[in-house]
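Hi,

Here is the structure I said I would pass on.

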Amino acid sequence: KWRKHVPGASRRASDLVQCSGENIAGGSDMEYRTMEKLGVSPSLLGFGCMRFPVNPDGSICEAKAEEMLDTAIKAGVTYIDTAYPYHNGNSEPFVGKVLKKYDRKSFFLATKLPMWDVNSLEDAKRIFHEQLERLQTEYIDFYLLHCLDKEKWEKTLKLELIPYMEELQRQGKIRFFGFSFHDDFETFKTILTYRNWDFCQIQYNYADTDIQAGDRGYDLAEELGIPMVIMEPVKGGSLASLPEEVTAPFKDYNPEASTASWALRWVASKPNVKVVLSGMSTPEQVADNLQTFQNFRPLSLKEKELVAEVSQLIKQRTRNGCTGCAYCMPCPFGVNIPQNFHIWNELGMYGNEGKAKQAYFKDLPEQERADQCHECGKCEEVCPQGLSIRENLKEVARDMEALK
């Protein structure tokens, strides 16, 4: 029995989703979105393969990860997303091994060309063929130029990578060609309007609507009819574990719904979002995400208002108004002022102490930390926001030490 389908609507596997001669089997309640221009209907939930559970030595815990993939696929997930560098290069080989037991036409496989490792056309050719071998497949369904920004886009054009990708499409080694993106809206607009892309992938969530491509990027892609795949819908987990006082509106409305489910439903309620990627690390996350996307319900008007309220509560917890413009840089004493404030503001907004400690004590070099400030005041003379940078850096240092 076929359900009448209109652009932007979704289907369930129980309707026997069939596109271009393909039968995409799956769980009876999983939600699917049709990419009209491509004639395929992947699952709305995509399994992101960059955060598998790991062993103490950092290697993939293969037994648990395979069980998670099997659970998701059995429940109807058909979009599997990996990349060349994930898990130190071990994600692609592992995913390829697990997927060999499934009919190749029963899922969509996505992976990406690591643009930072490509310095010639020959590099791109070598890496692509290595990826086919790693994934034990003859073709990639969704192939992306990974992590495009202004610099990597210029490299893409200079190395003539697009004609090569188009040739791979003609050969049937790539079915659909797109890109993932991390830069500002103007750069996104330049890339998106350069050619008729099959799809694009952006970071998008209710807390970051004005960051990177953001709302304007979504609107532009929708206007151009370019299907969207969304990454970081839960902002790397930050929107899954918010402070209780922030999530009170959610809990009052529906005590049973997970905090993460609100973030996922927000982005999935947008009609041009065709796949929402979730980098799942535990069986519990898989179960929660499946619950969200099986019998999927778009946000009601009331629920959209609650998300807007929570978003505002998050923003009110910002410690200072640093925009990251870097007019204060370079600091004569080596302090990375914007990064210190970014870590501090993220801690204030999302309350993720573990993430803040990692960012400050491990990722930020000691000589760049807030406690290295000599209070010369040069930064405050040029700050467009008029911030009390010296005093704020003392607060950053104090708050970070308290986390120890």
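Let me start with the second largest pocket, where α10 gives the most to the lining, with four residues. Helices here are DSSP runs of H or I of at least four residues and strands are runs of E of at least two, numbered from the N terminus. A pocket is an open set of points on a 1 Å grid over the protein atoms alone, with protein on both sides within 12 Å along at least five of seven lines, and lining residues have an atom within 4 Å of a point.

Before going on: this is a predicted model, with pLDDT of at least 70 needed for local features and 80 or more for side-chain atom pairs, while totals for chains, interfaces and linings use all residues. Residues are numbered from 1 along each chain as its sequence is written, and side-chain values use heavy atoms, leaving out hydrogens and water.

Back to that pocket. Its volume is about 520 Å³, counted as the space filled by probe spheres set on grid points that are joined across faces, edges and corners. It is lined by 28 residues, with R51, E232, G236, S278 and G279 closest to its centre. Besides α10 (283–293), β8 (140–148) and β12 (273–279) each supply at least two lining residues.

The largest pocket comes to about 850 Å³. Of its 29 lining residues, I211, K235, H342, E346 and M349 are the closest to the centre. Here α12 gives the most, with nine residues.

α12 (residues 337–350) turns up again in the largest cavity, where its three residues are the largest share of the lining. A cavity is a set of points where a 1.4 Å probe fits but cannot get out. This one holds about 90 Å³, and among its 15 lining residues C322, C325, C328, C383 and L387 lie nearest the centre. The second largest cavity has about 70 Å³ of space; C331, I337, C373, C376 and C379 are the closest to its centre, out of 13 lining residues.

Last, the helix pair. The axes of α8 (residues 244–253) and α11 (residues 301–316) come within 8 Å and cross at roughly 165°, so the two are roughly antiparallel (angles over 145 degrees, taken from 0 to 180 degrees between N-to-C directions of lines fitted to C-alpha atoms over the stretch in contact). Their contact (heavy atoms within 4.5 Å) includes F250 and Y253 of α8 and L306 and V310 of α11.

Cheers

Technical notes
Angles under 35 degrees count as roughly parallel, over 145 as roughly antiparallel, 65 to 115 as roughly perpendicular and the rest as oblique.
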